[in-house]
Amino acid sequence: MEFKHHEVEERWKAYWIQHGTNKVDNDYSKPKYYILDMFPYPSGSGLHVGHPLGYIASDILARYWKMKGYNVLHPMGFDAFGLPAEQYAIQTGMHPRVSTELNIDRYRKQLNNIGINYDWSREVITSDPNYYKWTQWIFIQLFKSYYCTIDHKAKPIEQLILHFEKWGSESLNAFTNEPVQFTANDWKINQIRRRMIYS
């Protein structure tokens, strides 16, 4: 008897989609388990053997913990910023957004063909404005802040500047990779020089 694996696989894939088998609800009555795979760069070549090697292992873990009664979040995403996407766009002459969207569709189909149980409703795409606006927001917050070693939290950079203006680096409670030593006068002279250079 011939085993028609394509028919069986298609039937089960359709069943999983129809019944939302991989959908993760916010079920707070179950213990939580979170598994995050490395997001692939959606370049034009598609998946290579290294992708499923890791993804299948994490899929086994996700299924195991799901069968143990855990509410398992196992999302997938695509790291669409950076040189691989830019380089592919240059090589093909295609706009990066178009090539990225086409490549993401290719990857998604390939991952679905493998049968990994991702909840695609929780997909992350780093080139999506709804995603990177938060990355930009975080960097702005970091730029406007310093880390206070006494309170163990970020504080407004203006407070640090006021400290420099009054006491220089004396009694400095800001995290730094290297020890710094300067007076309030050193700080003022440096600020004057910077204004002269940039004006």
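Predicted model: local features only at pLDDT ≥ 70, side-chain atom pairs only at ≥ 80, totals over all residues.
As a rule, nonpolar side chains in soluble globular proteins tend to be buried together.

Leaving out residues up to four places away in sequence, Phe39 touches Tyr55, Met76, Gly77, Phe78, Asp79 and Val124.

Now for the helices. H3 and H4 pack with their axes 9 Å apart, at an angle of about 110°. That falls in the range of 65 to 115 degrees, so the two helices are roughly perpendicular to each other. Here is who meets whom:

| Helix | Residues | Contact residues |
|---|---|---|
| H3 | 83-92 | Ala85, Tyr88, Ala89 |
| H4 | 96-114 | Pro96, Ser99, Thr100, Asn103 |

By class, the H3 contact with H4 has 4 nonpolar and 3 polar residues, and no charged ones.

Then there's the hairpin made by strands S5 and S6, with 4 residues between them. S5 covers residues 145-148 and S6 covers residues 153-156. The two pair in the antiparallel sense over 4 bridges. In the turn, His152 has a positive phi of about 55°.

Tyr146 turns up again here: its bridge partner in S6 is Lys155. Tyr146 also sits on the covered face of S5 along with Cys148, while Ser145 and Tyr147 are on the uncovered one. In a regular strand, side chains alternate between the two faces of the sheet.

Definitions and conventions. Residues numbered from 1 in each chain as written. Heavy atoms only, no water. Axes fitted to C-alpha atoms, helices over the stretch in contact; angles between N-to-C directions. Parallel < 35°, antiparallel > 145°, perpendicular 65-115°, else oblique. Contact = heavy atoms within 4.5 Å. Nonpolar A, V, L, I, M, F, W, Y, C, P; charged D, E, K, R; others polar. Buried < 20%, exposed > 50% of the residue type's maximum accessible area, 1.4 Å probe, protein only. Pairing = 2+ DSSP bridges.
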